[in-house]
Amino acid sequence: MTTAPTTQTSVQPTAVPASNSVAETSSRGSMLTIRNLSKTFRLHMLGGVELPAISEVSFEVLPGEFVGLSGPSGAGKSTVLKCIHRTYLATSGEILYRSAHRGTVDLVSVAEGEILEFRRTEIGFVSQFLRVIPRVGAQDLVAEPIRLRLGVDLETARLRAASLLDRLGIPRKLFSAYPATFSGGEQQRVNIARAVAWEPRLLLLDEPTASLDKRSVDAVVELFAQLRENGATMVGVFHDPELLERITDRVVRIGAEP
Amino acid sequence: MEALLRAHGITRRYGPGCALCLDSTGADAGTNRCPTCGSVWACRDVSLELRAEEALGIVGESGSGKSTLVKLLHFDDPATSGYLELARLRQLEGIGGIYADGCDWSRDLFSMDRYRQRRVRDASMGIVYQHPHLGLRMGVSSGGNVAERLLSAGWRSIGAMRQRASHLLERTEIPLSRMDEPPRNFSGGMQQRVQIAKALSGDPPILLLDEVSTGLDLSVQARVLDMIRTLREELRLSMVVVSHDLGVIHLLCQRTMVMKNGQVVESGLTDQILQDPQHGYTQLLVASQLQ
């Protein structure tokens, strides 16, 4: 929107900092610099009660690094990821992102159009649940982002989608079936395939392995390792602390110390 | 993506208006009707921007002004105030007086004469209404419905029009054997597909969808939405999608505006509107959704 509606109660800051000035203040070399990030939900149905989700979170992520977020349930680990993705509007703080083509920008305040462009070309998000699309089969669901974002033809995209689904152990007979009817674990693997298929340079992982068995987790971990070899940077939340320690380079604790 | 359409301060008032109107209508007042003079403010000070190949969702309850907004954009109804501009489009180059020399944007289209507005609309927009009888002539053959639109866009060869019509109806999955039947013989889902064929006949860059899948059976709705997704990508359409169904908005739209009592109460990225709604009304809307 060019003009903010007068009644908008959004907490989104209006100023869009010039790319250059931001670049100077971000730590040299880091891909993401998160400073004093806070998010408070305001629930109007409950008389405007305020629920603080995260408060003054700061950390950095280097290019190619895999940073895990840990903390007790409800500490706001997912909230951090969703603020980076702009699915949540941060209440205060900054998220400096060194983009591939636009210099360093603050994801908290950069224009919506820029965010959409980053989501199309640079930043991927793997949620816990698959969002199915009516009448689209598993293979086509995974092929879609490959085709649209990497500009390859339908046949190539479908081949790549098939090999990705193979790797994740989805039986071939399910390729053209609608994922709405799949088991939770199968849906989650299709979801991962769709989210990483176009190889985003920054990948946000929100409990992507929560309902997978051990073999599937291993396949996913191997896939993540390959994405990293190709240069991807990752920030993730995992329900299993052992897995978190094993696959990440570094763990950042969110919320109060135990 | 480049902006394609921008509108500023669009307002539609039915009635004389009075000094007390502005304070006693709108989202905070909880009504769009002025208790003093009886004027209805169907749309009040709405601004928006539509980018190329983007889908913008407009959600809100009945009476929120979302359908009025689309009708204003389509020149079905004159705006009381506000302006509407289109980026320089090759489809509009032939219409005199639209662009000032060297300008990337058109002059205000709301202040142009009806004739020009109609030509701009036929060349740049297609619309699909919730009620097929608004967009179709129920007694005229389906092919004729599409041809009618082509005629008003300047087509003259009957053979070419018939060919174009059959191509579009095929694309929208209407069996060619039924091309000569009037839409009143068709099911609701088929009627919507004929409307889509008609809306796309002039090859417009902008498609306006007003509750396009409301009232259809789920399987029929899925088919219509799937078709819209495919056509959008193939034809590189920009869309304004009006719906009270958050699922439809989530499926189709990158950005969303929320309207209440004629006003925009909130706008943002669609996933942000759905997962972190800021306004009390949007929070209520999201919390009321069936999972």
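The radius of gyration is taken over C-alpha atoms, and the globule rule is 2.2 Å times the number of residues to the power 0.38.

I checked chain B against that rule. For 291 residues, a compact globule would have a radius of gyration near 19 Å, and chain B has 19 Å, so the two agree. Along the principal axes, the C-alpha atoms of chain B fill a box of roughly 55 × 50 × 40 Å.

Notes on the source. This is a predicted model: local features need pLDDT of at least 70, side-chain atom pairs count only at pLDDT 80 or more, and totals for chains, interfaces and linings use all residues. Residues are numbered from 1 along each chain as its sequence is written, while chains are lettered from A and ligands numbered from 1 in the order in which they are written.

I looked up confidence next. The model scores ipTM 0.89 and pTM 0.90. Chain B averages a pLDDT (the predictor's confidence in each residue, from 0 to 100) of 93, and 99% of the residues score at least 70.

Then the fold of chain B. I found 11 helices and 9 strands, as DSSP runs (helices H or I, at least four residues; strands E, at least two; numbered from the N terminus). Of the 291 residues, 50% count as buried, with 20 or more other C-beta atoms within 10 Å of their own, C-beta atoms being placed from the backbone.

Last, the contact between the chains. Chain A puts in 23 residues and chain B 33; residues are in contact if their C-beta atoms, placed from the backbone, lie within 7 Å. On the side of chain A that touches chain B, helix H3 (residues 112–121) of chain A gives the most, with 4 residues.

Terms used
Two residues are in contact if their C-beta atoms, placed from the backbone, lie within 7 Å. A residue is buried if 20 or more other C-beta atoms lie within 10 Å of its own, exposed if 12 or fewer, and partly exposed in between; C-beta atoms are placed from the backbone.
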